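I opened this one to look up its aromatic pairs, its nonpolar core and its surface. My notes follow.

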Amino acid sequence: MNDILQIISDNWLLLLVGQYPHGPLGGLAVTLLLSVLGIVLAFPLGVALALCRLSPFWFLRHPATAVVYLVRGVPLIMFIFWTYFIVPQILGRPVAGFTTMLVTLVIYQSAYLAEIVRAGMTGLPSGQTEAARAIGLNYMQTTFKVLLPQAIYNMVPAIISQFVSSIKDTALGYVISVNELTFAGSQINATLLTMPFQVYILLAAIYFVVCSALTQLARTLEQRIARRRAGRGPARAAAQAGVTAPQPAKV
């Protein structure tokens with residue numbers, strides 16, 4: 001324990017922000033930045049893939065389904081290597097490891113987000129669609145004004161859980177020298193040489209604390225959404241109907 005505390009005391013800044021401001025940003029800051037940007041940029045693509053999978057048109061549904069199954073069926077490390085070698089050839093110039101990892105995460109996370117969005121939309125009551133059609137909304141209006149907003153609200157806990165997975169996925173950026181948390185840990189280990197167990201226990205503890213906090217947030221939001229769906233009991237239902245709940249008789 002004393003060794004771990006000494007490692008934290010000597011290297012906490014490297015673990016948090018890398019060599020910044022005297023060098024490139026790194027450590028936990030880059031891990032969180034990659035995860036946030038990956039989820040934010042992947043979300044529109046995931047929504048598009050989900051809508052294509054739910055589309056009545058086969059020429060949209062079949063290619064989207066193939067993309068989702070392909071991405072979900074291949075290990076992330078393979079996409080990292082493919083992006084690392086293919087993107088520079090497409091752009092005609094070298095690409096930083098951060099950009100490579102970000103592109104990989106966007107592609108990879110979009111397939112998982114597509115399934116989350118699709119599950120959220122198919123889980124809505126069929127009466128939502130029927131009611132929207134009854135008031136004259138077309139397919140696009142029903143999707144974007146009625147179904148998708150409700151589905152996104154219900155999907156927030158699942159999206160946070162996917163964000164947690166994204167944080168853990170960024171550790172693979174180490175293989176292409178992305179200056180994230182695991183890479184910072186390897187730099188500390190290369191400097192100390194004699195305490196690899198303590199260094200990687202510390203890294204595991206950092207990942208555990210961050211991911212556990214976000215998982216608890218997702219669980220809290222899920223419970224809140226469930227309570228909101230179910231209402232707050234007969235008193236709330238009576239209040240919404242304009243009826244006063246009966247009071248106990250006084251003796």
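Predicted model: local features only at pLDDT ≥ 70, side-chain atom pairs only at ≥ 80, totals over all residues.

For the ring search, I paired rings of Phe, Tyr and Trp (its six-membered ring) if their centres lie within 6.5 Å.

Aromatic pairs. I get seven of them in the structure. I looked up Trp58 and Phe59: the ring centres are 6.1 Å apart and the planes sit at 85°, so I log the pair as edge-to-face. Trp58 goes down as exposed because its relative accessibility is 56%, while Phe59, at 48%, counts as partly exposed. Tyr174 and Phe183 also pair, tilted this time, with 6.3 Å from centre to centre and 50° between the planes. In that pair Phe183 is buried at 18% relative accessible area, and Tyr174 is partly exposed at 39%. I also noted a cluster in which ring pairs link Phe79, Trp82, Tyr108 and Tyr112.

Surface. Tyr174 turned up again in a nonpolar surface patch, whose members include Met78, Phe81, Trp82 and Val175. Together the patch residues have about 960 Å² of accessible area. I placed Met78 in helix α4, residues 76-91, and with 33% relative accessibility I call Met78 partly exposed.

Core. Which residues touch the most other members of the largest nonpolar core? I found Leu15, Leu34, Val117, Met121, Ile167, Leu181 and Leu214, out of 58 residues in that core. Elements giving two or more residues to this core include α1, α2, α7 and α9, but α5 gives the most, eleven residues. I then checked Ile167: leaving out residues up to four places away in sequence, its contacts include Thr31, Leu32, Tyr207 and Leu214.

Note on methods:
Residues numbered from 1 in each chain as written. Heavy atoms only, no water. Patch = residues over 30% accessible without salt bridge, like charges linked within 9 Å, V, L, I, M, F, W, Y side chains within 5 Å. Areas by Shrake-Rupley, 256 points an atom, 1.4 Å probe, with all protein chains shown as cover. Salt bridge = Lys/Arg side-chain N within 4 Å of Asp/Glu carboxyl O. Helix = DSSP H or I, 4+ residues; strand = E, 2+ residues; numbered from the N terminus. Buried < 20%, exposed > 50% of the residue type's maximum accessible area, 1.4 Å probe, protein only. Core = buried A, V, L, I, M, F, W, Y, C linked by side-chain atoms within 4.5 Å. Contact = heavy atoms within 4.5 Å. Phe/Tyr/Trp six-rings, centres within 6.5 Å; stacked < 30°, edge-to-face > 60°.
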